[in-house]
Amino acid sequence: MDGRPLRIGLIGWGTVGSELGRLIATGPLPLTLANLAVRDAGRGRAIAFPAGVEIGSAAQVVAAEDLDVVV
């Protein structure tokens with residue numbers, strides 16, 4: 001790696017996805033949650049989306065060329 005954090009795209013913000021997103025944001029590893037895919041971004045969520053994360057569709061996340069990993 002070139003010293004920059006690994007940029008992650010995450011598909012889903014349910015029980016598992018939101019917890020993984022929290023771990024990425026607070027964990028000790030050099031990871032950045034860059035993109036998030038959800039079906040309805042306007043729907044109320046028990047856990048809010050992280051600030052600064054691009055929200056879109058699964059197709060947009062998979063097609064994003066600036067990501068290192070999609071989960």
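**A predicted chain and its nonpolar cores**

The largest nonpolar core comprises eight residues: Ile8, Leu10, Trp13, Ile24, Leu33, Leu36, Val38 and Val53. Two or more residues of this core come from each of strand E1 (6-11) and strand E2 (31-37). Apart from it lies another core, of five residues, including Ala34, Ala37, Val61 and Leu67. A nonpolar core here is a set of buried Ala, Val, Leu, Ile, Met, Phe, Trp, Tyr and Cys residues joined through side-chain atoms within 4.5 Å. Buried denotes under 20% relative accessible area, exposed over 50%, and partly exposed in between, with a 1.4 Å probe and protein chains only.

The model is predicted, with pLDDT of at least 70 needed for local features and 80 or more for side-chain atom pairs, while totals for chains, interfaces and linings use all residues. Residues are numbered from 1 along each chain as its sequence is written, and side-chain values use heavy atoms, with hydrogens and water left out.

The chain contains two helices and four strands, which follow the order β-α-β-β-α-β from the N terminus. Helices (H or I, at least four residues) and strands (E, at least two) are DSSP runs, numbered from the N terminus. For 71 residues, a compact globule would have a radius of gyration near 11 Å, and the 12 Å of the chain agrees with this. That radius is taken over C-alpha atoms, and the globule rule is 2.2 Å times the number of residues to the power 0.38. Along the principal axes, the C-alpha atoms fill a box of roughly 35 × 25 × 20 Å. Of the 71 residues, 27% count as buried. Among contacts between residues at least 6 apart in sequence, 61% join residues at least 24 apart; contact means heavy atoms within 4.5 Å.

Leu10, in strand E1, counts as buried at 2% relative accessibility. Leaving aside neighbours within four places in sequence, Leu10 is in contact with Gly17, Leu20, Gly21, Leu33, Asn35, Leu36, Ala37, Val61 and Val71. The C-alpha atoms of Leu10 and Ala58 are separated by 8.6 Å, although the two residues are 48 apart along the chain. Asn35 is found in strand E2 and is likewise buried, with a relative accessible area of 5%. With the neighbours within four places in sequence again set aside, the contacts of Asn35 include Arg7, Ile8, Gly9, Leu10, Val53, Glu54 and Val61.

Helix H2 (residues 58-63) holds Val62, which counts as exposed at 55% relative accessibility. Beyond its neighbours within four places in sequence, Val62 is in contact with Ile11 and Val70. Ala59 and Ala37 are 22 residues apart in sequence and 8.3 Å apart in space, C-alpha to C-alpha.

The chain exposes about 4,600 Å², of which carbon and sulfur atoms supply 59%; the areas come from the Shrake-Rupley method with a 1.4 Å probe.
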